[in-house]
Amino acid sequence: MYNENVKEGCLKVIIIRHGKVDFQWHKRCTSMEFDNACAEYDLAPLEEKMEASFIRCRNIYISTLPRTRETAKMLFPDKQYRECALLNEVPLRAWIDTKMRMPLWIWNVMGRVQWAINSKRQQEGRNSTKVRATEFVRLLDEEKRDAVVITHGFYMHTMLKAFESAGFRVRKTRVHYKNGEYVLAEKEF
């Protein structure tokens, strides 16, 4: 289905969400417990094995978070990977400091609302994420080599918009990307 040899005048990029993480989130937590859980999640191993025998590519990018490297090792065990912090997940932290235990969904939703409005409370706002995604797409566009990119679910939305803004046709877009799911971005040049 996918071959590492670039057809003359066509650049193809497969963007894959990392494998499922073996981590159990608490249903309710304080702000400190939420921040600690986010840090633990970033270091947790993957839950299951993955395969991608239909993908043939030597130009493989991963984020600096362990779950993308572990995914790459499963999908492409004999390949080299190019680690790039531009692909890291959008960091998330508690939206307020409190000892009150609140449902996990509130922590997630409110933290992402703060991201969307570029709140200083979050480590990175929407504007910074857009800049990061645009820079990575520019790097791939200039390189003109087919690539596989292993990244993160929330960040994928911003990255796919950056691909579209750079003239790529993006296929298989969704509201939510399952672990191991991929999207194809193509650009004629």
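Me: Buried means under 20% relative accessible area, exposed means over 50%, and partly exposed is in between (1.4 Å probe, protein chains only). Why is H18 called buried?

Reply: The relative accessible area of H18 is 2%. The cut-off for buried is under 20%. So H18 counts as buried.

Me: What kind of model is this, and how are residues numbered?

Reply: This is a predicted model, in which local features need pLDDT of at least 70, side-chain atom pairs count only at pLDDT 80 or more, and totals for chains, interfaces and linings use all residues. Residues are numbered from 1 along each chain as its sequence is written, and side-chain values use heavy atoms, with hydrogens and water left out.

Me: Where does H18 lie, and which residues is H18 in contact with?

Reply: H18 lies in the loop between β1 (10-17) and β2 (28-29). Contact means heavy atoms within 4.5 Å. Leaving aside neighbours within four places in sequence, the contacts of H18 include Y41, R67, I150, H152 and N179.

Me: How many helices and strands does the protein chain have?

Reply: Five helices and eight strands. Both are DSSP runs, numbered from the N terminus: helices are H or I with at least four residues, strands are E with at least two. From the N terminus on, the order is β-β-α-β-α-β-β-α-α-β-α-β-β.

Me: Why is the protein chain called as compact as a globular protein of that length?

Reply: The radius of gyration is taken over C-alpha atoms, and the globule rule is 2.2 Å times the number of residues to the power 0.38. For 189 residues the rule gives 16 Å, and the protein chain has 17 Å. The two values are close, so the protein chain is as compact as a globular protein of that length. Along the principal axes, the C-alpha atoms fill a box of roughly 60 × 35 × 25 Å. Of the 189 residues, 49% are buried.

Me: What makes β4 and β7 edge strands?

Reply: Two strands pair if DSSP finds at least two bridges between them. The open sheet has six strands in the order β4-β3-β6-β1-β8-β7, with mixed pairing. β4 (82-83) and β7 (169-171) each pair on one side only, and they are the edge strands.

Me: How do you know that β3 and β4 pair?

Reply: Two bridges join them, in the parallel sense. The definition asks for at least two, so β3 and β4 pair. Y61 stands opposite R82 in β4.

Me: Which strands pair with β6?

Reply: β1 and β6 run parallel and are joined by five bridges. V13 has A147 as its bridge partner in β6. Strand β3 (residues 60-62) also pairs with β6 in the parallel sense, over three bridges. There the bridge partner of Y61 is V149.

Me: Why is strand β6 called largely enclosed?

Reply: Strand β6 covers residues 147-151, and five of the five are buried, so β6 is largely enclosed by the rest of the structure. In a regular strand the side chains alternate between the two faces of the sheet. Both faces of β6 are covered: A147, V149 and T151 are buried on one side, V148 and I150 on the other.

Me: Why is K187 called buried?

Reply: Its relative accessible area is 17%, and that is under 20%, so K187 counts as buried. K187 lies in strand β8 (residues 182-188). Among the residues it touches, beyond four places away in sequence, are G9, D141 and F168. K187 and G9 are 178 residues apart in sequence, yet 8.1 Å apart in space, C-alpha to C-alpha.

Me: What makes the phi of N118 and of K144 worth a look?

Reply: Most residues other than glycine have a negative phi. N118 is not a glycine, and its phi is positive, about 60°. K144 is not a glycine either, and its phi is positive, about 55°. N118 lies in the loop between α3 (104-116) and α4 (126-143). K144 is found in the loop between α4 and β6.

Me: Are N118 and K144 buried or partly exposed?

Reply: N118 has a relative accessible area of 29%, and K144 has 33%. Both values fall between 20% and 50%, so both residues are partly exposed.
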